[in-house]
Amino acid sequence: MSPTISAEELRLRYRNTTAVDGLTLTLDGPGIYGLIGRNGSGKTSLMSVLAGFRRASGGRARVNGQPVFENPRILPEICLIRGGADTVEHELRNRVSDALKLAADLRPNWDADYADELVSKFGIDRTKRVVQLSTGQRSALASILGLASRAPVTLLDETYLGMDAPARYAFYDELLRDSMAHPRMLIVSSHLVDEVSPILERVVMIDQGRLLLHEDAETLRARGATVSGPADTVADFVSGRTVLNERRLGRSASAVVYGELAEADRAHARESGLELEPVPLQDLFVHLTKGENR
Amino acid sequence: MFDEHSPIYRQIADAIRADVLSGALREDEQIMSTNQYAAHYRINPATAAKAFQDLVDEGVLYKRRGLGMFVHPRAREKLRDQHRARFFSDVVDPMVTEARAIGVSLDDVIARVAELRDGGEHR
Amino acid sequence: MITDPIARAAARRFIGGCTLWALVGVAALFLFSLAVTTAVATFAGPIEVSGWGEVSLPLKWGFLAFGAVMAVVTLPQHVAHGRTRREFAVHQAVCVVAMALVTGIAAASAFALESLVYRVMDWPQEVSRTGLYTEADQYALVALEHWLVLPTWIGVGVFVSLGFYRHIALGAALIPVGAVLVHVVEAAVKSVDFSAPYLAEPLAALGVGSGPGVMVASCLVGFLLAMVVTWAVVRDIPLRSRTH
């Protein structure tokens with residue numbers, strides 16, 4: 001069964017802010033999805049509504065065509081893990097082994113052997129209380145709870161917070177490995193786009209509670225290009241295109257253009273002595289969400 | 001692992017092409033699965049699949065349903081033809097441009113090529 | 001009864017766990033009362049009352065606090081693992097009743113156990129109180145009074161703490177509501193003629209007399225109201241995150 005998530009005109013308002021602002025989105029089928037957005041762009045809020053942690057203020061959130069909120073048939077299929085210390089906040093007084101036992105009891109697809117494997121891989125002491133773990137270890141534990149739940153829809157909201165680089169890469173490796181061994185929908189939110197982007201199959205970018213784009217990661221990478229060369233030639237080439245960013249250094253310049261480049265365009269660029277390079281998703285993200293600084 | 005100058009799938013395809021050209025990958029030899037590539041290079045399997053698809057389209061690889069990807073019997077030949085066709089535009093022309101830019105006379109270049117040819121023949 | 005194995009596991013964890021902890025709590029409080037009694041007898045003077053009888057009020061406050069902690073710990077854990085708020089609301093209601101049931105029996109047993117000690121030491125096992133039971137050996141009445149008042153005490157703990165979890169102002173607003181409910185059930189069991197005195201008049205106006213029936217009904221209403229308030233607080237309660 002391949003899961004489908006849909007949001008229609010989804011809204012979430014807090015007392016005096018609108019976190020999700022009329023967002024419409026459909027995600028279909030297994031794979032690793034990246035939910036990319038700046039701090040405060042509404043990633044956590046969106047995920048919270050999709051997982052039934054909060055009720056939407058407006059619009060609809062559905063999984064497999066069914067409304068999510070308080071739906072006993074759908075909720076066991078969804079697992080949201082929120083980042084940093086937040087994730088296991090409900091478990092602070094518990095020992096690691098208790099947190100694992102709770103998940104084993106309540107998660108229909110829990111894989112205890114896999115959880116044990118990950119616990120030793122990340123070097124977590126199961127006899128410790130959750131509150132005694134470092135932030136990084138707590139994040140690792142949270143990630144373990146998310147991965148071993150094997151939920152058809154798994155949402156991992158910045159679960160890497162506080163993990164050091166080796167732990168983060170171990171986490172990405174696991175995410176990738178397990179998504180191939182047990183295909184399911186894994187939605188990873190992050191603002192460390194550079195690190196996470198190679199493992200993404202699809203990218204959902206949101207900004208200020210609205211959908212910015214939803215695209216195949218490869219297509220998106222082909223979507224933009226950094227053009228560099230003599231300033232005049234660059235200016236000629238980019239005229240009439242969407243330019244996200246332009247830099248000049250003496251007589252040479254480089255510009256980031258957004259939009260599909262046809263093979264003829266690429267050939268033309270090469271012939272006129274321009275260099276074309278792909279734009280890392282990170283840069284595309286930075287350019288697309290620049291706006292005013294918040 | 002990857003440079004930032006071209007898309008990852010293209011780099012994977014280039015690496016496989018290079019292996020076929022050098023003979024490291026032989027005709028009808030099975031290559032690693034997309035999942036193995038994905039795990040090894042820490043990339044999404046869809047990205048690896050795109051590289052494979054490009055190579056299938058080019059006739060470098062062929063797919064055996066349920067078994068995986070294999071090197072096409074004529075892949076090496078085809079790649080050599082392609083590279084031969086592009087050799088002058090990709091290698092010689094830029095070399096000449098570079099030589100002119102830095103003031104190396106083309107006669108010297110020709111002399112050097114002749115020297116290498118004769119040296120190569122003696123060996 | 002519950003067919004879904006996960007729901008059964010959730011219920012077993014929640015209700016079984018809390019009931020067990022309730023028994024442990026009662027046992028600990030009982031040992032504490034014995035220890036204090038012994039200390040008083042050793043250092044202060046003769047024992048004139050039942051130690052267990054003296055801790056009956058702290059016992060109820062203890063259970064209110066227990067309800068508060070259990071709700072605020074269990075709800076987010078269960079919802080975060082894909083259970084519904086509705087299931088939590090049902091489970092917590094059953095849990096509250098189950099805890100009251102075992103505690104009623106445990107409290108009566110504690111008096112029985114204490115009587116053995118008091119007989120050996122030749123202390124008078126007096127209870128000085130108004131309420132359903134007025135002697136330490138009225139075991140059935142001891143159990144009955146706990147069954148009548150504890151569900152409301154625990155239920156109040158549940159909804160006040162969840163109110164605070166939702167919003168500090170809501171929690172604060174629910175404190176007086178809880179106070180009224182606790183007061184009603186306490187008044188009901190304390191009134192000599194088995195009815196809440198200030199309920200008697202309006203009830204009489206409605207043509208309902210006073211008596212054991214009214215007492216039991218008052219306590220039931222107290223508990224049901226606590227559950228209704230709990231549901232109102234819980235039905236769409238958001239799981240908190242760091243920022244909201």
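## A tour of chains A and C

With 24 C-beta neighbours inside 10 Å, A:E158 counts as buried (20 or more other C-beta atoms within 10 Å of its own, with C-beta atoms placed from the backbone; 12 or fewer is exposed, in between is partly exposed). This is a predicted model, where local features need pLDDT of at least 70, side-chain atom pairs count only at pLDDT 80 or more, and totals for chains, interfaces and linings use all residues. Residues are numbered from 1 along each chain as its sequence is written, while chains are lettered from A and ligands numbered from 1 in the order in which they are written.

Stay on A:E158: its phi is near 45°, positive in a residue other than glycine. You'll find A:E158 in the loop between β7 and α5 (165–181) of chain A (helices are DSSP runs of H or I, at least four residues, and strands are E runs, at least two, numbered from the N terminus).

Next, select A:R150, in the loop between α4 (135–148) and β7 (153–157) of chain A. A:R150 isn't a glycine either, yet has a positive phi of about 50°. A:R150 is partly exposed, with 19 other C-beta atoms within 10 Å.

Now hop to chain C and pick α5 (139–166) and α6 (168–190): their axes come within 7 Å and cross at roughly 175° (lines fitted to C-alpha atoms over the stretch in contact, angles from 0 to 180 degrees between N-to-C directions). So α5(C) is roughly antiparallel to α6(C) (over 145 degrees). Residues in contact (C-beta atoms, placed from the backbone, within 7 Å) include C:W153 and C:F159 of α5(C) and C:L174 and C:V185 of α6(C).

How values were computed. Parallel < 35°, antiparallel > 145°, perpendicular 65-115°, else oblique. Contact = placed C-beta atoms within 7 Å.
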